[in-house]
Amino acid sequence: STLRAAIKKEEIDSRSGGQSKEMDDAAILRVIEREAKKRRDAAEEYEKHGRADRAELERAEAAILGEFLPQQLSDDELETIVRSAITEAGATAPGDMGKVMPLVLPQVAGRADGKRVSTLVRQLLAG
């Protein structure tokens, strides 16, 4: 499968001194999330170009990959984490996004897409 190939490639890329390195669960989850994101992005592109059939196929693959990922955060859960990070960072304007994101991303890894997080941070900082 393409997922197995992606995991194998990641193991090869992370070799140091010629030794194959077994990936831990967190690393495998990152590969699965990246592969699911590729499919969601491809679905959007196919949709833009009138290829609903291919878009649906990509969404179906993304959904299957999503079954292996942790439960996604609800909008309320994500907002609570982001508001807390904004307060902790002392952020007051959209320009402070760079202070907030590093506080949020480790807390939501694998449970919220980066694009979703940055959109919410931007909205909350804009007031």
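This is a predicted model: local features need pLDDT of at least 70, side-chain atom pairs count only at pLDDT 80 or more; totals for chains, interfaces and linings use all residues.

Residues are numbered from 1 along each chain as its sequence is written, and side-chain values use heavy atoms, with hydrogens and water left out. The protein chain contains six helices and zero strands, where helices (H or I, at least four residues) and strands (E, at least two) are DSSP runs numbered from the N terminus.

**Overall fold and dimensions**

- In sequence order, the elements of the protein chain give the pattern α-α-α-α-α-α.
- The radius of gyration of the protein chain is 17 Å, whereas a compact globule of 127 residues would have a value near 14 Å; the radius is taken over C-alpha atoms, and the globule rule is 2.2 Å times the number of residues to the power 0.38.
- Along the principal axes, the C-alpha atoms of the protein chain fill a box of roughly 45 × 45 × 25 Å.

**Surface, burial and contacts**

- The protein chain has an accessible surface of about 8,300 Å², and 53% of this belongs to carbon and sulfur atoms; areas come from the Shrake-Rupley method with a 1.4 Å probe, and for residues only the protein chains shown count as cover.
- Of the 127 residues in the protein chain, 31% are buried (buried means under 20% relative accessible area, exposed over 50%, and partly exposed in between, with a 1.4 Å probe and protein chains only).
- Among contacts between residues at least 6 apart in sequence, 58% join residues at least 24 apart, a contact being heavy atoms within 4.5 Å.

**The largest pocket**

- The largest pocket holds about 310 Å³ of space; the volume is the space filled by probe spheres set on grid points, which are joined across faces, edges and corners.
- The lining of the largest pocket comprises 15 residues, of which Arg30, Glu33, Ala109, Gly110 and Ala112 are the closest to its centre.
- On a 1 Å grid over the protein atoms alone, a pocket is an open set of points where a 1.4 Å probe fits, with protein on both sides within 12 Å along at least five of seven lines, and lining residues have an atom within 4 Å of a point.
- Helices α2 (25–48), α5 (97–108) and α6 (114–126) each supply at least two residues of this lining, and α2 gives the most, with five residues.
- The lining of the largest pocket has eight nonpolar, two polar and five charged residues (Ala, Val, Leu, Ile, Met, Phe, Trp, Tyr, Cys and Pro count as nonpolar, Asp, Glu, Lys and Arg as charged, and the others, Gly among them, as polar).

**Residues in helix α2**

- Val31 lies in helix α2 and counts as buried because its relative accessibility is 1%.
- Beyond its neighbours within four places in sequence, Val31 is in contact with Leu3, Ala6, Ile7, Glu10 and Met23.
- Val31 and Ile64 are 33 residues apart in sequence, and their C-alpha atoms are 14 Å apart in space.
- Glu35 also belongs to helix α2, and its relative accessible area of 7% makes this residue buried.
- With neighbours within four places in sequence left aside, Glu35 is in contact with Leu3, Ala6 and Leu65.

**A residue in helix α3**

- Ala55 lies in helix α3 (residues 52–66) and is buried, at 0% relative accessibility.
- Not counting residues up to four places away in sequence, Ala55 touches Ala43, Tyr46 and Glu47.
- The C-alpha atoms of Ala55 and Arg40 are 8.4 Å apart, at 15 residues apart in sequence.

- Leu103 is found in helix α5 and counts as partly exposed because its relative accessibility is 26%.
- Residues up to four places away in sequence aside, Leu103 touches Ala85, Glu88 and Ala89.
- A C-alpha separation of 17 Å lies between Leu103 and Gln123, which are 20 residues apart along the chain.
- Val117 lies in helix α6 and is buried, with 0% relative accessibility.
- Val117 touches Leu78, Met101, Val104, Leu105, Val108 and Ala112, residues up to four places away in sequence not being counted.
- Val117 and Val104 are 13 residues apart along the chain, with 8.0 Å between their C-alpha atoms.
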